Amino acid sequence: MNRSIRWLLAGLAFVLFVAPAVAQQAADPAAIVQKFGGKQSYDDTEAVISELARTGDANVARALRALRDGDLYWRESDEAVFIGKRKGDDYEIFDPMTGEAAGTVPRGEMQKVRVKNSIRNAVTTALGSLTLGADSAAQRMRAAETLFSEADPEMIEPLDAAIASEEDAGVKARMEEARASAVLVSDRPAEEKAAAAKILANRADRESLTMLTRFAGATDDPVAKQAAEAAIVAIQNNIAFWNQMQNVWYGLSLGSVLLLAAIGLAITFGVMGVINMAHGEMVMIGAYTTYVVQEFIRTNAPGLFEYSLFIALPLAFLVAGAVGLVMERGLIRFLYGRPLETLLATFGVSLILQQAVRTIFGPSNREVGNPDFMSGAFDLGLMSVNWNRLWIIVFALVVFAALLAVLNKTPLGLQMRAVTQNRKMAAAMGIRTPWVDAMTFALGSGIAGIAGVALSQIDNVSPNLGQGYIIDSFMVVVFGGVGNLWGTLVGAMTLGIVNKFLEPFAGAVLGKIVVLVLIILFIQKRPRGLFAQKGRFVEA
Amino acid sequence: MRSAITWMQKTAAAATITAFSLSGAHAQDTKPSGEPIKVGILHSLSGTMAISETTLKDAMLMLIDEQNKKGGVLGRPLEPVVVDPASDWPLFAEKARELISQDKVAVVFGCWTSVSRKSVLPVFKELDSILFYPVQYEGEESERNVFYTGAAPNQQAIPAVDYLMGEGVERWVLEGTDYVYPRTTNKILEQYLKDKGVAAEDIIVNYTPFGFSDWQTEVSKIKEFGSAGKKTAVVSTINGDANVPFYKELANQGIKATDIPVVAFSVGEEELAGIDTGPLVGHLAAWNYFESVDTPENKDFIKKWHAFIGNDDRVTNDPMEAHYIGFNMWVKAVEKAGTTDPDKVIDALPGIEQANLTGGTSKMLPNHHITKPVLIGEINDEGQFDVVSETDDLVPGDAWSDFLPESKKLEADWVDLKCGNYDTEAKKCLGDTMAEKSN
């Protein structure tokens, strides 16, 4: 609303003062685009944008988009405006109207047309009205979306024209919604507004709720008000439902992260009984392996970047597994049966590993990129699902299944279970128990390394990465039941979901505390966790 | 860790020796001689805070190196003494004591978190030494032995909020990490916003734990709060490591800076170095210095920094500039006092002026804070900030916020009143009794 008034004023000023002088030029969009050149204030830039919008010429969209993305430059020598793309130390420049290449220019000679958020918003609005008649359906769709949130009564007529000629049903529906949002704030008759309220009610998202609420507060007409209020209730119910769905989804997502972090520990602590405080550092090592792999790919084979995570997975397993193996052979095997000393020794190891990584890679965060399939989100009803979270859930379950298979279907798994259940008997049967111990510990560490690859996608890759997960991991394993993989799965998911349902009203800090207290109470009642190991071999 | 420190000391010693040999090249410079003046550097080189503080240690070594090339101070060379308090707050106090009583340093540059500063305060008071503190903080403090070269809330938070109000923001999310700096800053901001006529339902304040990484619920809460039809902004006092996942989650949920801008007080060039800034373009930060500021002083500083650290990719940031200003002010004060005696230097410091790197001249005020410009920058796709707004004048740092009822009446003045918390209503100095209570 505010903006349209500003526009109107700008337009008025334009008509009064500028238009007569430049009437000839005003018709030529290419000349207006050139006005972006030279040092100017943000207000000047905004005035040029609205001038471009008024030309109604869709050809200026290229320059406007470049402006919004920060790719519009002017040459210092003659203030000519170009679209620039970084190429080493130079800029490749293109004509802002046609997009034709215009050679390369050293960086020092080009100045960026300065933009800030309000300028980007002005461009988006201008593009909305300009691209309503664009050739591509996707562009028209975006234009309709922009106009929907703008809700500008002046756009009703252009929208009517666009709706009449629109053939794509999806785009047409969006345009009608955009029209409805504009009608609500216009001075059209009440019946039309009531109809518009119905259209918004069908859209049923937060934005339409906002518009309807504002409309219901402002209107005097009882019919339209009633229609709006009915729509508000319906939308609120819809949103409440999706909020719950969203909480479940977030819970599963947090649960999968906890599962990944804890699943290696379920082996080293759960199966072997080693209190491994350096478990988080194994996760960190996995994340740094991913970083090294990505760096190597960036410099040597940029084409492989999309597959970097798949390359990193086996390497992270091997590196973390090897560190685990060295730890077990060099330290932990001397401390079996002495939990307190193991705890202190592994805590020391965790500090050594952290500082080692800090010395090698530096204390600051390392950038691990997301491949395309891990980026972005899609909408499911009113909830947005992030691809990276979705893949991490899938990945956590795959790792879980794989580990289950190793434990239950392979000779190593059989020996592991035999050794942990009755060491003496296993030794008597000819199993090399020290070797099995080493392999089990290496397996648990390797799995933690794999988790690090996944966590590098959502968390900082810094020397402190592991510390954030160690407490949660122990919580999951203890809660789920020591020595039981299924317990870890159920424990992780339960904690995730409980946490996410508490967070909206208790807050993140209190939510964590409440979860911790609940677990302590639970452990009082069932000291062996959700799924307790039963049978003769369980030590008293 | 011990070996790391000795290694540091060796490097530092080597740097000093290089400085000696290099200074021979400048014929006009007098070669510093005599007993070296020791300068303590108290920054964590290991533990969680190493990420931010290591850079400051390097910056200090560079500044000392520079000064020795220029002929030292009072004709004597400077010698850095580096210790590692390892992000461990009680250890800060121990190391500070070691620096002052064993190494006999003339001055200490150090600390990052408020809790580390609070932990060393009693040591500096007891042993009567000088601390230069280079980080933006929550204010509500003014000590005789401490000089605050970072921003007080009125030099960062308040101007940032003013800028957003000018951009039409009407609804506010105050999002912070759960500790003293965000809590105090948000208390000040909340009061400020209410004074400006923002309704209580248009403000939410939210805290998350240190190192928080699962931002899904928090961000969708922000999204929902922002969909009420009024222009919404997030004022972020989120600290350190929690920032990266926060921004990643914003990008993932499709919240763009044009919809809901985030203005951060703890995110600078150094923090952006670890992330792809493409999705963050347009989000804001408020500081007193940006690496992108185009002044000859800044260009020179960046060039020297790159040469010193041997890596052209290393960025400069706000606390580094604070150390630059603080160090040069200390040098001037020592020259003025003609001695390194802390009492004399403390008395000489207020009124000292030093050109900052953004084109102005900062001045040490009687309340031991300095005047600084306030810059608002938008993140660009190269991990730098484009300045979109700048205060016309330098803003004097205010130790006691005018927006909190309990501190409104307090004033700090170590020149005339000789008091860090003078109650202008009761007309008396509250002294240590009050500091004790507020801790």
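**Notebook: chains A and B, predicted model**

I started with residues 474-498 of chain A: this stretch is 84% helix and 0% strand, with its end C-alpha atoms 17 Å apart. Helices (H or I, at least four residues) and strands (E, at least two) are DSSP runs, numbered from the N terminus. The model is predicted, so I note that local features need pLDDT of at least 70, side-chain atom pairs count only at pLDDT 80 or more, and totals for chains, interfaces and linings use all residues. Residues are numbered from 1 along each chain as its sequence is written, while chains are lettered from A and ligands numbered from 1 in the order in which they are written.

**Chain A, annotation and domains**

I checked the UniProt record next. Its unreviewed entry annotates "transmembrane region" at residues 248-275, 307-327, 390-407, 474-498 and 504-523 of chain A. UniProt positions follow the numbering used here, feature names are shortened, and annotations may be inferred rather than shown by experiment. I then looked up residues 307-327 of chain A: they are 95% helix and 0% strand, and the end C-alpha atoms lie 31 Å apart.

Chain A splits into domain 1 (25-124), domain 2 (134-220) and domain 3 (243-525). These bounds come from an automatic or database domain assignment. I found 49 Å between the C-alpha centres of domain 1 and domain 3 of chain A.

**Cores**

I looked for nonpolar cores (sets of buried Ala, Val, Leu, Ile, Met, Phe, Trp, Tyr and Cys residues joined through C-beta atoms within 7 Å). Buried means that 20 or more other C-beta atoms, placed from the backbone, lie within 10 Å of the residue's own. The largest core has 128 residues, and V39(B) and V263(B) have the most contacts inside it. Helix 11 (residues 318-337) of chain B gives the most to this core, 10 residues. A second, separate core has 83 residues, among them M272(A), I275(A), F395(A) and Y469(A).

**Chain B strands**

I count two strands as paired if DSSP finds at least two bridges between them. Strand 6 (residues 171-177) and strand 7 (residues 203-208) of chain B run parallel, joined by six bridges. W172(B) stands opposite I203(B) in strand 7 of chain B.

I also looked at an open sheet of three strands in chain B, ordered 17-18-19, with antiparallel pairing. Strand 17 (410-413) and strand 19 (428-429) of chain B are its edges, each pairing on one side only. Three bridges join strand 17 to strand 18 (residues 419-423) of chain B. There, E411(B) stands opposite Y422(B) in strand 18 of chain B.

How values were computed. A residue is buried if 20 or more other C-beta atoms lie within 10 Å of its own, exposed if 12 or fewer, and partly exposed in between; C-beta atoms are placed from the backbone.
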